[in-house]
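Biologist: Here is the model we wanted to go through. Shall we begin with the aromatic rings?

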Amino acid sequence: MRILVVDDEESILVPLEFLLKKAGHEVVLARTGEEALEALSRGAFDLMVLDLMLPGMDGFAVLERAKALSQRPKVLVLTARGREADRAKALALGAEAFMAKPFGIQDLLSQVEELAGGR
Amino acid sequence: MRETLRFLGALLLGLLLVGGTVGLGLFLLLQGEESLKKELLRLAQAKLPVLLFVGFLFTLVLAALLYPVFLGYLAATRALGQEAEILLANPGHRLRLRGPFELRALADLINRLAQEKEALEKEVAARIAEAKSLLEEERKKLAALIGHLPHGVVLANPKGQVLLYNQGARELLGEGLGVGKSLFGLLDRGLMVHALGLPEERFLTQGPRGPLWLQVVPLEGEEGFLVLLEEAREKGGWDAALLHRLKDKLAGLKALAEALDQEARGTPLEPLLKTAKATAEELGQLVASWEAPAQAAEVLAEDLLALLAQALERETGVSPGLSLEEEARNLLVQADTYALARGLAAASRDEEEAFLEGRREGNLLHLTLTLPKSPMGPGAAHPDLPPLLKEAVERSGGSAWWAGSRLHLLLPAREAPRLPAKSGPPPRAEVFDLSLLHAPEELEEAPLEGLLYTAFDLETTGLDPEKDAIIALGAVHILGKTVLRHEVFEALVNPGRPIHKASTEIHGLTWEMLKEKPKLEEVLPGFRLFLEDTVLLAHNGAFDMAFLRRVGIDQPPLVDTLLLSYLLFPDLQDHRLETLAERFGVPVIGRHTALGDALMTAEVFAGMVPLLRAKGYRTLGEVLRACARLPLARLKY
């Protein structure tokens, strides 16, 4: 599975890349909303792990733009903004799943597998 | 001048009268006595110089008789009248016994009457003071209570003019706050009007010295409102951005620890990484439950919808259709209603119709604003949310997004507890001295007693506004006839150059005393704030204004006590400030210090107000126009 991980926090990107690669996925990293959109325009992804608070264009905006793509990836929102209103907004804008930070890597991996299974 | 003309007129009349009578007598006596007539005519021609000399002597005698009557009695009587008027303002003043005997007797009689009046007034005042002391006791308690409240408290009239405030309010709102000044210059007017409709709710706003919580309570049965202020820094609370960053970093650390733990199984590092993982787990659990406090109050969903609809109608002219699900009616919604209303108005500009719908979604209120004319078709890229709306939603702890022609808003909510209805009247503040409650429309039409003035004075290095510099500023607020001695401004200024000895002799300030003081440009902003919204008042103000104009302060109108003195006492000779102070019973303290002179000017003006009123000058406009007609008013520096 091709996975795009979007986060501005290096300490998240490093373990996620390691774990997802180890689980057999192809991983591409993006540190800003703009970088994420560029990656999405270059090739199709099966899943996007998306942070909401990004420098410049925020995660919600990336989510809205991704929705308009012909081959849109599934989206797992992974954010420190764990408020109910944020969760509802993310789901309303088309995210498939929502996890609040801090998260457990096992929960994350099983969530990724679940989304992969529903492909 | 008037007396001189009248005197000359009377002299001429006297001469004509005596000359005419003598002429007529001679004419009648000499009827039919032609030879005698001729003889007399001849004699008169021969003795003309003697006759002219006698006529001159007669004129001199007549003038000597008339002079004291006109220049002594009449002018002195007028001056006596003007001086007697001072008694109305200063009952302790006594007329000097001078001039002709009759006038001295009259002045003595007036003095005795004044003495009796003063005694009577003292007696009445003593009785009133006695009656007031109880009231004063209450007032003191209230003032102490307000003064020691941890909140800032301001009482204002419907026009937003301050009637009363405490130290807390002064600390939060700064030097721009003062009795009689407008609150609207310091706080968002729209927010105040909005908050007035929601007296139970607190709003976050930007004050002159930082963020504030603001609550506005209308005064029951009175025209005016109470503003409660609190600094908007929650003690021990978390800043949302900081908390999110912390969660972000912790999530990274926890993921790293967990990944390493998986990799290190069976190696000597395993126990270390197990501990790291467990610690990260615990930390994660601790932090997960923390949320930054929302910066908004709670409001009933039903009230919120009505408020938003009103605001939309007011700001955009569109009256939106409303619908609120029965289940959502009793929700207490966390919302900064003012910011939200303005944000929604910004989002629905140029719309012709709108529909606002509210429903409950778990612990959220879901508001949908449908704008049929919205530029977006389905699938089109959505414009960014208006910044005002973004901020409002953020403060309320909610979220918002566009979906086609619909704007969705989610706001945190909870079921409102069912409280028994409050019985009895709502709590109210004890208030006093509300002379400003009926504020006039136009400054010029305002009665003199209803205005806020700033009496001010400057000390300078010399008399030339072009070359000399300001070295001291003093000012005090005066509300009608009441000098607000606690609202003063005083500053010494470093002129950046030595001071002439002659000038030092007047104000006692030397170059050494001022070297360490701030520069004028550092002092002026505070002075400007102090003057704002007030009518300027000075003695010989043309001089001070010439200096102020050079540093960019020109705030007409100016009331000048020197001109007022000429207006009230045109026949008195001395119009200097200290003489006026003496006339009005004002103690002369700190003469030629800027604040001392400003205070003296204020007190003198307070004494002048009733005299001006007695002369028929009721409004500021009437006084200014009368002053402008005085020849002295044309004097320029």
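Modeller: B:Phe584 has a relative accessible area of 8%, so it is buried (under 20%; exposed is over 50%, partly exposed in between; 1.4 Å probe, protein chains only). This is a predicted model, where local features need pLDDT of at least 70, side-chain atom pairs count only at pLDDT 80 or more, and totals for chains, interfaces and linings use all residues. Residues are numbered from 1 along each chain as its sequence is written, chains are lettered from A and ligands numbered from 1 in the order in which they are written, and side-chain values use heavy atoms, without hydrogens and water.

Biologist: Is B:Phe569 buried or exposed?

Modeller: The relative accessibility of B:Phe569 is 1%. On that value B:Phe569 counts as buried.

Biologist: How are the rings of B:Phe569 and B:Phe584 arranged: stacked, edge-to-face or tilted?

Modeller: Rings of Phe, Tyr and Trp (its six-membered ring) pair if their centres lie within 6.5 Å; planes under 30 degrees apart count as stacked, over 60 as edge-to-face and the rest as tilted. The centres of B:Phe569 and B:Phe584 are 6.3 Å apart and the planes stand at 45°, so the pair is tilted.

Biologist: What is the arrangement of B:Phe7 and B:Tyr67?

Modeller: B:Phe7 sits in helix α1 (residues 2–29) of chain B and B:Tyr67 in helix α3 of chain B, 60 residues apart; helices (H or I, at least four residues) and strands (E, at least two) are DSSP runs, numbered from the N terminus. B:Phe7 is buried at 11% relative accessibility, whereas B:Tyr67 is partly exposed at 44%. Their ring centres are 5.8 Å apart with planes at 90°, so the pair is edge-to-face.

Biologist: Which strands are the edge strands of the five-stranded sheet in chain B?

Modeller: The open sheet has the order β2-β1-β5-β4-β3 (chain B) with antiparallel pairing, where two strands pair if DSSP finds at least two bridges between them. Each edge strand pairs on one side only, and these are β2 (162–165) and β3 (203–207) of chain B.

Biologist: How many bridges join β4 to β5 of chain B?

Modeller: Strand β4 (residues 210–218) and strand β5 (residues 225–231) of chain B run antiparallel. B:Val216 stands opposite B:Val227 in β5(B). The number of bridges joining β4 to β5 of chain B is seven.

Biologist: Which residues form one aromatic cluster?

Modeller: Over all chains the structure holds six aromatic pairs. The residues that form one cluster are B:Phe489, B:Phe527 and B:Phe530.
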